[in-house]
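Keep it brisk, and give the cut-offs along the way.

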Amino acid sequence: MRRDITFASKGLRCSGLLYVPDDLKSGQKAPAIVMANGLTGVKEAVLPDYAERFAAAGFVTLAFDFRFFGDSEGEPRSQVFPLEMTEDCRNAITWVSQQPEVDPGRIGVWGTSYGGVLVIWVGTFDKRVKAVVAQVPAILPPSMRRASNPEGWDRLGELLLRDRIERYKTGVVNYMKLVAPEGEPCCLPGKEAYDGVMTIVKAPNWRNQITLESLEKMREFDAVSSIELMSPTALLLIPAEKEGLIRSYMDIVRATYEKAQPPKDMIVLPIGHFEIYREPWL
């Protein structure tokens with residue numbers, strides 16, 4: 001059973017889809033999962049494939065649009081502000097824990113790609129969370145990101161500084177495409193990213209854009225520097241061994257995993273980033 005829901009986050013309405021197991025008896029309370037989508041994702045794309053399986057396994061499952069995306073409120077559109085998105089996740093946890101079908105003592109968070117790092121942060125600091133699953137998580141600690149490409153990091157920093165000054169003077173919000181064909185500027189360059197995103201996005205309300213201010217907020221966000229504080233919450237990492245979007249990806253993931261404390265597990269899949277969204281890996 002699936003129903004449309006809304007919940008409040010920082011004074012704005014977030015739109016969601018709540019999946020409830022069909023065989024849940026009246027008065028019975030089930031464990032719940034709050035889901036976090038990938039970069040610029042909306043709830044109609046990717047998440048239902050997983051939510052239906054989770055509900056069939058007995059979990060009440062909530063998929064939602066972050067503020068500034070999809071059917072949720074918030075202007076300007078397409079703002080990826082990680083700390084604000086973790087607020088949305090935590091408000092989703094509060095809302096779902098109050099539902100009559102849910103056992104508030106058994107709530108987990110599941111995130112894919114950029115949502116994977118968001119749920120790592122949430123699970124580190126919100127002790128209502130009992131389990132964290134991060135699927136192909138886009139782990140990008142600022143120091144490691146700069147070390148992998150110092151010139152590119154600094155060039156982007158100059159662009160973002162110019163945008164900040166223009167935004168202060170004029171209030172203009174500048175955008176960049178998330179993905180684009182080879183040769184066009186975008187946030188995630190390359191054929192793998194373009195083909196992958198355009199294949200999995202099947203929602204008419206998805207926009208191929210991100211604000212430049214988002215890139216500033218994203219590069220300052222470090223989801224894993226305090227990951228050792230997550231314990232005793234359980235952590236499962238599911239990285240893609242052939243990840244092509246992030247340099248030295250498995251080195252970063254392994255370092256993150258080593259820093260995390262038990263209980264923890266990691267399942268490394270021999271795939272690229274976008275193969276997780278289709279069979280047989282789905």
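Predicted model: local features only at pLDDT ≥ 70, side-chain atom pairs only at ≥ 80, totals over all residues.

A charge sits over a ring if NZ of Lys or CZ of Arg is within 6 Å of the ring centre and within 35 degrees of the ring normal. Lysine 217 meets this test: it lies over the face of phenylalanine 81, at 4.9 Å from the ring centre.

Residues are numbered from 1 along each chain as its sequence is written, and side-chain values use heavy atoms, with hydrogens and water left out.

Start with the strands. Helices (H or I, at least four residues) and strands (E, at least two) are DSSP runs, numbered from the N terminus. Two strands pair if DSSP finds at least two bridges between them. Strand S1 (residues 2-9) runs antiparallel to S2, and eight bridges join them. Alanine 8 stands opposite arginine 13 in S2. On its other pairing, S2 meets strand S4 (residues 60-64), also in the antiparallel sense, over four bridges. There, glycine 16 has phenylalanine 64 of S4 as its bridge partner. Buried means under 20% relative accessible area, exposed over 50%, and partly exposed in between (1.4 Å probe, protein chains only). Six of the eight residues of S2 (residues 12-19) are buried, so the strand is largely enclosed by the rest of the structure.

Now take the turn. Lysine 10 is found in the loop between S1 and S2. This hairpin has two residues between the strands, and lysine 10 takes a positive phi near 55°. What does lysine 10 touch, beyond residues up to four places away in sequence? Its contacts (heavy atoms within 4.5 Å) are Arg67, Glu84, Glu87 and Asn91. With glutamate 84, the lysine 10 side chain makes a side-chain polar contact at 3.3 Å. A polar contact is a pair of N or O atoms within 3.5 Å; within protein, one must be able to donate a hydrogen and the other to accept it, and residues adjacent in sequence count only if both atoms are side-chain atoms. Glutamate 87 is 77 residues from lysine 10 in sequence, yet 8.0 Å away, C-alpha to C-alpha.

Next come the rings. Rings of Phe, Tyr and Trp (its six-membered ring) pair if their centres lie within 6.5 Å; planes under 30 degrees apart count as stacked, over 60 as edge-to-face and the rest as tilted. The structure holds five aromatic pairs. One of them joins phenylalanine 7 and phenylalanine 64, edge-to-face, 5.4 Å centre to centre with 75° between the planes. Phenylalanine 7 lies in S1 and phenylalanine 64 in S4, so this pair ties together parts 57 residues apart in sequence. Phenylalanine 64 also pairs edge-to-face with phenylalanine 66, at 5.0 Å and 70°. Phe7, Phe64 and Phe66 form one aromatic cluster. Phenylalanine 7 is buried at 4% relative accessible area, phenylalanine 64 at 1% and phenylalanine 66 at 2%.

Finish in the core. The largest nonpolar core has 90 residues. Such a core is a set of buried Ala, Val, Leu, Ile, Met, Phe, Trp, Tyr and Cys residues joined through side-chain atoms within 4.5 Å. Met35, Val96, Tyr114 and Ile120 have the most contacts inside it.
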